[in-house]
Amino acid sequence: MTGWEELCRVALSSAHRCLDALRADPLSRSNWSRQHQLRGRHASKAWKGSDLEQWEYEVTSGGRVRYLVSVETSTVILVYASTRHPKDTE
């Protein structure tokens with residue numbers, strides 16, 4: 001994913017913290033300001049015939065990673081990574 005590579009170039013240690021958090025507990029609610037499920041029309045997203053929860057991790061003040069979580073298969077799917085905040089939630 002191109003956005004992930006750019007994010008790693010700009011903020012490698014923060015990108016590693018993000019990856020560690022997603023591996024450990026992608027549905028964690030312990031740090032809501034950094035990691036949370038999106039709301040409204042962004043709360044879920046269709047993926048291969050299923051509606052999955054869509055979450056966001058704040059890697060830097062502007063950098064974001066969005067991901068889907070399949071509880072059934074214990075899978076995290078990265079759908080967005082960028083050094084810029086996505087404009088669709090503003």
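Predicted model: local features only at pLDDT ≥ 70, side-chain atom pairs only at ≥ 80, totals over all residues.
## A first look at a loop, a pocket and a helix pair

Lysine 48 sits in the loop that connects β2 (44-47) with β3.

- The phi angle of lysine 48 is near 50°, which is a positive value in a residue other than glycine.
- Lysine 48 has a relative accessibility of 76%, so it counts as exposed, given that exposed means over 50%.
- Serine 74 belongs to the loop between β4 (64-70) and β5.
- Although serine 74 is not a glycine, its phi is positive, at about 50°.
- With a relative accessibility of 69%, serine 74 counts as exposed.

**The largest pocket**

- The space in the largest pocket comes to about 160 Å³.
- Sorted by class, the lining of the largest pocket has four nonpolar, four polar and two charged residues.

**Glutamine 54, a buried residue in a strand**

- Strand β3 is where glutamine 54 is found.
- Glutamine 54 counts as buried because its relative accessibility is 5%, and the cut-off for buried is under 20%.
- Setting aside residues up to four places away in sequence, glutamine 54 touches Gln37, Leu38, His42, Ala43, Ser44 and Lys45, among others.
- Further contacts of glutamine 54 include Arg66, Tyr67, Leu68 and Val79.

**How helices α1 and α2 meet**

- Helix α1 covers residues 2-10 and helix α2 covers residues 12-24.
- The two helices pack at an angle of about 125°, and their axes are 5 Å apart.
- α1 and α2 are therefore oblique to each other.
- On the α1 side, the contact is made by Trp4, Leu7, Cys8 and Val10, while α2 brings Leu12, Ala15, Cys18 and Leu19.
- The residues of this contact divide into eight nonpolar, no polar and no charged.

**Two neighbours in helix α2**

- Alanine 15 lies in helix α2 and takes part in the contact with α1.
- The relative accessible area of alanine 15 is 0%, so this residue is buried.
- Apart from its neighbours within four places in sequence, alanine 15 is in contact with Trp4, Cys8 and Val59.
- The C-alpha atoms of alanine 15 and threonine 2 are separated by 14 Å, and these residues are 13 residues apart along the chain.
- Serine 14 is also part of helix α2.
- A relative accessibility of 14% means that serine 14 counts as buried.
- Serine 14 and valine 59 are 45 residues apart along the chain, yet 5.7 Å separates their C-alpha atoms.

Conventions: Residues numbered from 1 in each chain as written. Heavy atoms only, no water. 1 Å grid on protein atoms, 1.4 Å probe; cavity = no way out; pocket = protein on both sides within 12 Å on 5 of 7 lines; lining within 4 Å. Points joined across faces, edges and corners; volume = space filled by probe spheres on them. Nonpolar A, V, L, I, M, F, W, Y, C, P; charged D, E, K, R; others polar. Helix = DSSP H or I, 4+ residues; strand = E, 2+ residues; numbered from the N terminus. Buried < 20%, exposed > 50% of the residue type's maximum accessible area, 1.4 Å probe, protein only. Contact = heavy atoms within 4.5 Å. Axes fitted to C-alpha atoms, helices over the stretch in contact; angles between N-to-C directions. Parallel < 35°, antiparallel > 145°, perpendicular 65-115°, else oblique.
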